[in-house]
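Please take a look at the protein chain below. A short report on its fold follows.

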Amino acid sequence: MPDCVRFTRVQHITDLAIVLKTYPYQDRDRIAVCLTEQNGKITGLAKGGVNSRRFGGTLDVFSCSRVHFVQKPNAEMARIDEATSHYEFRNLHRDFERFTAASFAAEFCLRLLESHAPSREMFINLSNFLFQLDSGMPLLLAVNAFLCKAFKALGYPPSLLRCVQCSRGAHEIAPPVAFQSRTQEGASFFWFSEAGGMVCHECSAGRFKVALEGEILLFFHKLTMTPFKELAQEGSSSQHLPLYRLLSDFLHHHIPGLPPSGLKSWKLLNEALMGPLSQESVSQPNR
């Protein structure tokens, strides 16, 4: 991840921001944690921000607003002086499952992004994710695409296109003799949770693993590289469910900065996407 911005003098900054979290401070003030387009994650104090006509709904959670803030040297918290609405995700607050998915993405950014570290790729990913959620994109497609792109933006993508043991690309791996079968023994690729990547059938002996279809690898690559607006109705449940399990396992075991229990919104998201499954059954695929 990029180095944090170091402010050497008072900065008056106007930037596009998505509100990730807010909470009241004293009687009438509000603290807002935002992901900005150019300045990364910031925490700002809005004087009179509670029930204020000056701010209106511009500092509500998931609001996308153009925010003017003042950042002093060595100060963790900025002062938000003004905010004007840029885009409202109206439907997110009307649908519990979509609101849960948006909450998961917000918590993901809160936990894993450093303050004042430029994160424009993550800002674009989050804003496109919220827009597509709000517009009705299938839930699993939106969440899988967000995670694929987020891991790439953080610099921690799972290795799914190359064997983590022999380094051969997926296109170089010949199928085993028994590939006519779609059983564990006849698969060409396997998810190796311990290494956070794919292993080929030749390197998989004696390891705890779960078989992967080749189409899952291609689907992962497509979601990582294709812009949100071009995804539309991509994929089927046979692609989405295994990929979501894989990405959840990778997030749980290989992304630094998460507490052992994971994200608070994770369990609700799992239930929204896959029904009444436990956290363990999603974050740890059958191996």
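## A loop, a barrel and a sheet

Start with a proline: Pro259 sits in the loop between helix 5 (237-254) and helix 6 (266-274). This is a predicted model. Is Pro259 buried, exposed or partly exposed? Its relative accessibility is 23%, so Pro259 counts as partly exposed. Pro259 and Arg111 are 148 residues apart along the chain, and 9.1 Å separates their C-alpha atoms.

Now the whole chain. It holds 7 helices and 8 strands. There are 287 residues, and 50% of them count as buried. Take the contacts with a separation of 6 or more: 65% of them involve residues 24 or more positions apart.

Which strands close into a barrel? There are 5 of them, in the order 1-2-3-5-4, and their pairing is mixed. From one strand to the next, the twist averages 50 degrees. Strands of a sheet pair through backbone hydrogen bonds, either parallel or antiparallel. Strand 2 (residues 29-36) and strand 3 (residues 40-46) are antiparallel and share 7 bridges. Within this part, Val33 stands opposite Thr43 of strand 3.

Helix 1 (residues 96-112) lies across strand 1 (11-25), strand 2 and strand 3. Helix 2 touches strand 1, strand 2 and strand 5 (77-87).

Phe190 has Ala211 in strand 8 as its bridge partner.

| Helix | Strand | Angle between directions |
|---|---|---|
| Helix 1 | Strand 1 | about 110 degrees |
| Helix 2 | Strand 1 | about 55 degrees |

**Two helices side by side.** Two packed helices are described by the angle between their axes and the distance between the axes. For helix 2 (residues 120-135) and helix 3 (residues 139-154), the angle is about 180 degrees and the axes are 10 Å apart. The angle therefore makes helix 2 roughly antiparallel to helix 3. Which residues meet? On the helix 2 side they include Met122, Leu126 and Phe129. On the helix 3 side they include Val143, Phe146 and Lys149. By class, this contact has 11 nonpolar, 1 polar and 3 charged residues.

**The cysteines.** A disulfide is a covalent bond between the sulfur atoms of two cysteines. How many disulfides does the structure hold? The count is 0. Look at Cys200. The cut-off for a disulfide is a pair of sulfur atoms within 2.5 Å. Cys200 is buried, with a relative accessible area of 0%. Cys64 has 6% relative accessibility, so Cys64 counts as buried.

Methods. Residues numbered from 1 in each chain as written. Predicted model: local features only at pLDDT ≥ 70, side-chain atom pairs only at ≥ 80, totals over all residues. Heavy atoms only, no water. Pairing = 2+ DSSP bridges. Helix = DSSP H or I, 4+ residues; strand = E, 2+ residues; numbered from the N terminus. Buried < 20%, exposed > 50% of the residue type's maximum accessible area, 1.4 Å probe, protein only. Axes fitted to C-alpha atoms, helices over the stretch in contact; angles between N-to-C directions. Parallel < 35°, antiparallel > 145°, perpendicular 65-115°, else oblique. Contact = heavy atoms within 4.5 Å. Nonpolar A, V, L, I, M, F, W, Y, C, P; charged D, E, K, R; others polar.
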